[in-house]
Amino acid sequence: MYSRELLKGILKPIILKLLSENNKMYGYEIVQKVKEISGDKILIKEGSLYPALHALTSEGFLKTESVSVGNRTRKYYKLTSSGTGQVQLALNELLDFAQTLKVIFESKPIAS
Amino acid sequence: MIIDENQVSFVRGYLIGNGVSNLDLQDDLLDHFCCTIEESLEEGRSFDHSFSDAVEKIAPEGPEKIQTDLNYLLTIKKNVMLRKLVFVASYISVLAILMGLALRIPQILSGDATLLLIMAGMLLFSVTTVPYFFYERYQKSIKELKTE
């Protein structure tokens, strides 16, 4: 399982990517889906997930749809049109970052 | 298995009682707690046991911490910008007052002009720095009151 610090910067791109592939999802579903896809390596903490979802909503990248489930309200998160445009930008930046990290950590020390 | 109305009310009461006042976040967390509890109930655990596990898993530092993090994330940009503006306005107002005084003594500027400069500085100071100072004090006192 990766540390919370490592996951901090990649949470928003993960959410955007998942929503681009699944149309609409609710919080619990997002946590379970990420856990499943990553083979239990990425466990999103609820304390990070909801602030990120609300921040993305306030930035205009997500919108919500409320549905009654039993006697409670379930909020589904969906991408807005500007959110759809943001997905590729966020993924490109993240993949580029991953590539740079690879270059840094795989570089061999110069022999003296 | 969907948990019953009393159990949902119990979870909602827990969230409200522990400082989750944001209604959107309340709906999110209530559903998340319910989903987690339902999964645990299906594995044969009691409601009390499932609820305790859900609290430990979802909000180990208390649900209010999630709301605090959310508020921070939503307001940080605005707060930084506001502070910048107040700092710049405070600097300009103090500069205007000091310049007014400094140029008045050697009579580089006329008495009216320096008076105008000092008054403009005082006016700017009183509509930016002073209200912000009291607003900050107010926020701090509310925070202290809540933690007592």
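Colleague: Thanks! In which helix of chain A is A:Gly85 found?

Modeller: A:Gly85 is in helix 5 of chain A, residues 81-106. Helices here are DSSP runs of H or I with at least four residues, strands are runs of E with at least two, and both are numbered from the N terminus. A word on the source: this is a predicted model, where local features need pLDDT of at least 70 and side-chain atom pairs count only at pLDDT 80 or more, while totals for chains, interfaces and linings use all residues. Residues are numbered from 1 along each chain as its sequence is written, and chains are lettered from A and ligands numbered from 1 in the order in which they are written.

Colleague: Why is A:Gly85 called exposed?

Modeller: A residue is buried if 20 or more other C-beta atoms (placed from the backbone) lie within 10 Å of its own, exposed if 12 or fewer, and partly exposed in between. A:Gly85 has 11 such atoms within 10 Å, so A:Gly85 is exposed.

Colleague: How do you know that the length of helix 2 of chain A agrees with what it should span?

Modeller: The expected span is 1.5 Å times one less than the number of residues. With 12 residues, helix 2 of chain A should span 16 Å, and its end C-alpha atoms are 16 Å apart, so the two agree. The buried residues of this helix are A:Leu11, A:Ile14, A:Ile15, A:Leu16 and A:Leu19. After helix 2 of chain A comes A:Asn23, with a positive phi near 60 degrees.

Colleague: What makes strand 2 and strand 3 of chain A a pair?

Modeller: Two strands pair if DSSP finds at least two bridges between them. Strand 2 (residues 62-69) and strand 3 of chain A run antiparallel and are joined by eight bridges, so they meet that rule. A:Thr64 stands opposite A:Tyr77 of strand 3. Their hairpin has two residues between the strands, and A:Gly70 takes a positive phi near 60 degrees there.

Colleague: How many residues of chain A and of chain B are in contact?

Modeller: Contact requires C-beta atoms, placed from the backbone, to lie within 7 Å. By that test, 16 residues of chain A are in contact with 20 residues of chain B. Helix 4 of chain A gives the most to its chain's side, with seven residues.

Colleague: What makes a group of residues a nonpolar core?

Modeller: It is a set of buried Ala, Val, Leu, Ile, Met, Phe, Trp, Tyr and Cys residues joined through C-beta atoms within 7 Å. The largest such core has 37 residues, and B:Phe33 and A:Ile15 are among those touching the most other members. Helix 2 of chain B gives the most to this core, with seven residues. Not counting residues up to four places away in sequence, B:Phe33 touches B:Val11, B:Ala54 and B:Ile58.

Definitions and conventions: Contact = placed C-beta atoms within 7 Å.
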